[in-house]
Amino acid sequence: MNHESASVLIVDEDDDMRSTFSAILLDRGYRTTVAASAESALDLIREDDFDAVLLDYKLPGMDGATLYGEIKKLRPSIPAIMITAWSGSHGAQQAFNAGTWEVLRKPVHIPELLDKLNEATNAPLVLVVDDDLSFCESLWQILNERRFRVALAHTESDGIAQAQKSICSVAIVDLKLGEGDGRNVIKRISQS
């Protein structure tokens, strides 16, 4: 994915930080959207698809790790880069445990941020279609640790919808879904 097509949600309560990150990313060809709180970030995630999210750890309402857990429930394929002044703290560990792509310490080294963002937005996408939620979560963790983005679907219709909106490199599809037939998902993927 090139920068011109990559969209990044920037979540930080500090106006200057949001503006600075947005200006840097816009200058590099990314499309950006900003949010000042966890609540507004979740509203934006519900409304739009993003290729990555840049999160501050300290946010009003909830911390960045908790926010990423909520984002992951809505759109598990979105990788997150956490930015914090507390990278050696319990919060950084929480961020890694939540599955964030990377945790960077403030002040941010911009070339490192750009490298990590490029890596995250260009990582191969794996579509997992299975009605076993715990299996999906386990597979998400394993694949995420190996630097894959992972989209999840639990029904035939969700699998087909995911296949229509994103180009996956690999699909793992349970043929016998509680709600539907995995073969129809595979047919839709093969048509893409």
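Which residue in strand 2 is the bridge partner of Leu9? Let me begin there, with the reminder that what you see above is a predicted model. The partner of Leu9 in strand 2 is Thr33, and that pairing belongs to a set of five bridges that join strand 1 to strand 2, residues 31–35, with the two strands running parallel.

Staying with strand 1, which spans residues 7–11, we find that it is mostly covered, since five of its five residues are buried. If we look at where the side chains go, Ser7, Leu9 and Val11 point one way, whereas Val8 and Ile10 point the other way, and residues on either side are buried.

Let me turn now to the charged residues. Side chains of opposite charge can pair when their charged atoms come close. In this model the count comes to twelve salt bridges, and I would like to go through a few of them with some care.

Take Lys72 and Glu137, which form a salt bridge with their closest N and O atoms 3.3 Å apart. This pair links distant parts of the chain, because Lys72 sits in helix 3, residues 64–74, while Glu137 sits in helix 6, 65 residues away. How covered are the two partners, buried or exposed or something in between? Lys72 has a relative accessible area of 13%, which is under the 20% cut-off, and so Lys72 counts as buried. Glu137, on the other hand, has 34% relative accessibility and therefore counts as partly exposed.

Another place to look is Glu102, whose side chain meets that of Lys116 in a salt bridge at 3.6 Å, N to O. Here again the pair links distant parts of the chain, with Glu102 in strand 5, residues 102–105, and Lys116 in helix 5, residues 110–122, at a separation of 14 residues. Glu102 counts as buried, because its relative accessibility is 14%.

Glu102 also meets Arg147 in a salt bridge, this one at 3.0 Å, N to O. Arg147 is at 29% relative accessibility, so it counts as partly exposed. Putting these contacts together, Glu102, Lys116, Glu119 and Arg147 are linked in a network of salt bridges.

Strand 5 also holds Arg105, which counts as partly exposed because its relative accessibility is 49%. Arg105 and Thr84 are 21 residues apart in sequence, and their C-alpha atoms are 5.1 Å apart in space.

Finally, let me point to Lys176, which lies in strand 9, residues 176–177. Lys176 has a relative accessible area of 70%, and so it is exposed.

Note on methods
Residues numbered from 1 in each chain as written. Predicted model: local features only at pLDDT ≥ 70, side-chain atom pairs only at ≥ 80, totals over all residues. Heavy atoms only, no water. Buried < 20%, exposed > 50% of the residue type's maximum accessible area, 1.4 Å probe, protein only. Helix = DSSP H or I, 4+ residues; strand = E, 2+ residues; numbered from the N terminus. Pairing = 2+ DSSP bridges. Salt bridge = Lys/Arg side-chain N within 4 Å of Asp/Glu carboxyl O.
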